[in-house]
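Hi,

Here is the model we talked about, with my notes below it.

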Amino acid sequence: MEFDPTLNIDGDKIRKLREKNKVTQLYLATVVGVTTETISRWENRRYPTIKKENALKLAEALQVPLDELIEKQDEDQASPETTDFETSAPDQPSISLRPESNKSNRSSPARLLMLILPLCLGLAFLSWQFLFKAPSTNLTAIRYLPDHVLAGQIFPILIEVVADKSNPATLMLRESLPEQCLPLTAAPPFIGQNEDAHLIKWIGKVEASGRNRFAYLAKVSENTEPGRRLSFTGNLIIGRQGGDEPKVAGNQETEVAAFHWADKNRDNRIDDYEILSVYEIFPNFRELGLDLTEIEKIWASRGYRWNSETKTIEASRK
Amino acid sequence: MGVIMKQYRGKNSVRWASFLLLALFISQVIAGPICLAEERQVAGRYKVSGNTILHTITIPPQPPAAVIVVQYLPPGTPIASADPAYSSYDPTTGEVKWLLKGVSSGVLQIRLTLAHEVNKEKIRAEALFKDALGGSSTYTLSPQPMKRKTVEGC
């Protein structure tokens, strides 16, 4: 039986990093694949140990190395006994773990705390009003998807995320592919793919007034019948509190047809402007793993034809 | 009379200052976008010496991802050599093309050597590219000395 390694995490550090990155518990929960309640418990040290797999996702979402989330054992209040007790009874409130003798010693500070607490709560509320109720960043995501693809062909998709002038934003981009398409590679790379191979995700950042490009390659299943329309959907999850989940606009569908994806006007040629468009839209084609040799060959020739029997493209000679 | 002249001169100075400010404003409004457009344009010239055609292409500070240079020769013209090698040549139409990828800002040269001299009046050349705004552009490469300069956008 396999045993998942667990790690002791520093809840305070997680909360501080989350607040520093201005991301919500919901955002972290979605990225890691747990509930917001679990995130809350991690932050409040009610679950001091977590699976290493989740810790790695958490570190990635908070954009820090894993080491930064690990609790330092030499701190005064982090005794091993406390950690063990909390591990065995995760729902137990952490205050009940304090030794009784400490309670009497802390009676005066407790009173002080009772006085300061409402003040802190008031200040926190005001800070929330001023900091997080600031105008949220508006992000727009637009997908470039070829109008048509060949059955069995590998083709590129680009999603460009553009931020307005307000603030930089941390985001998660989710893209759902039709069942006839499988994602292959991406630039930047995907973050962990789910059991559902047709759902892909990225975490990224967009500077104020900036843009970020997410490109990937997909392959259409060879037995997809011509004329079939394939739908792509996607949405953004914005880290900043109060953000919505805008859908990815732009092309939503592609049709399976007997034309190369780069032959936009379906004239069985790849003309000068079509090949220039490919380079313009995918300047990072090498990083993406997109092979443009065939497109260049067709462009340099008189045209091409799709051989439905051999399922290959044949370029005509000049 | 002296006071009147002083006032007149004073008013004149204000008018001149206003005029200069207005001129400056107009020049900024009109010339600004033109300069910006120029910065995004690929340009070039070619020179014919005997049977050699030498292209000098200027790539702007914001270079496009790729540029296509097209040389139109009289149909059937035999080519002796090309540096860099051309991407395609159709002798029936006389179209020679270079696909230049990953170009960076600066000047690049293309040397085409023909098997024999051709009539300079019967050849022409173009540079095709996408500008920084994604629009398609064709730049007609003019022979030296310059006879014409056309920048077309579509």
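A quick definition to begin with: two strands pair if DSSP finds at least two bridges between them. Strands themselves are DSSP runs of E with at least two residues, and helices are runs of H or I with at least four, numbered from the N terminus. Residues are numbered from 1 along each chain as its sequence is written, while chains are lettered from A and ligands numbered from 1 in the order in which they are written. Bear in mind that this is a predicted model: local features need pLDDT of at least 70, side-chain atom pairs count only at pLDDT 80 or more, and totals for chains, interfaces and linings use all residues.

On to chain A. Five strands make an open, mixed sheet in the order β7-β9-β5-β3-β12. Its edges are β7 (181–187) and β12 (249–250), each pairing on one side only. β7(A) runs antiparallel to β9(A), with 5 bridges between them; A:Ala186, for one, is bridged to A:Tyr216 in β9(A).

A:Glu207 sits in the loop between β8 (199–206) and β9 (211–220) of chain A. A:Glu207 counts as exposed because it has 11 C-beta neighbours inside 10 Å (the cut-off for exposed is 12 or fewer, for buried 20 or more, with partly exposed in between; C-beta atoms are placed from the backbone). Beyond four places in sequence, A:Glu207 is in contact (C-beta atoms, placed from the backbone, within 7 Å) with A:Ala163 and A:Pro168.

Finally, where the chains meet, chain B gives 14 residues and chain A gives 10. On the chain B side, β8(B) gives the most, with 3 residues.

Cheers

Technical notes
Contact = placed C-beta atoms within 7 Å.
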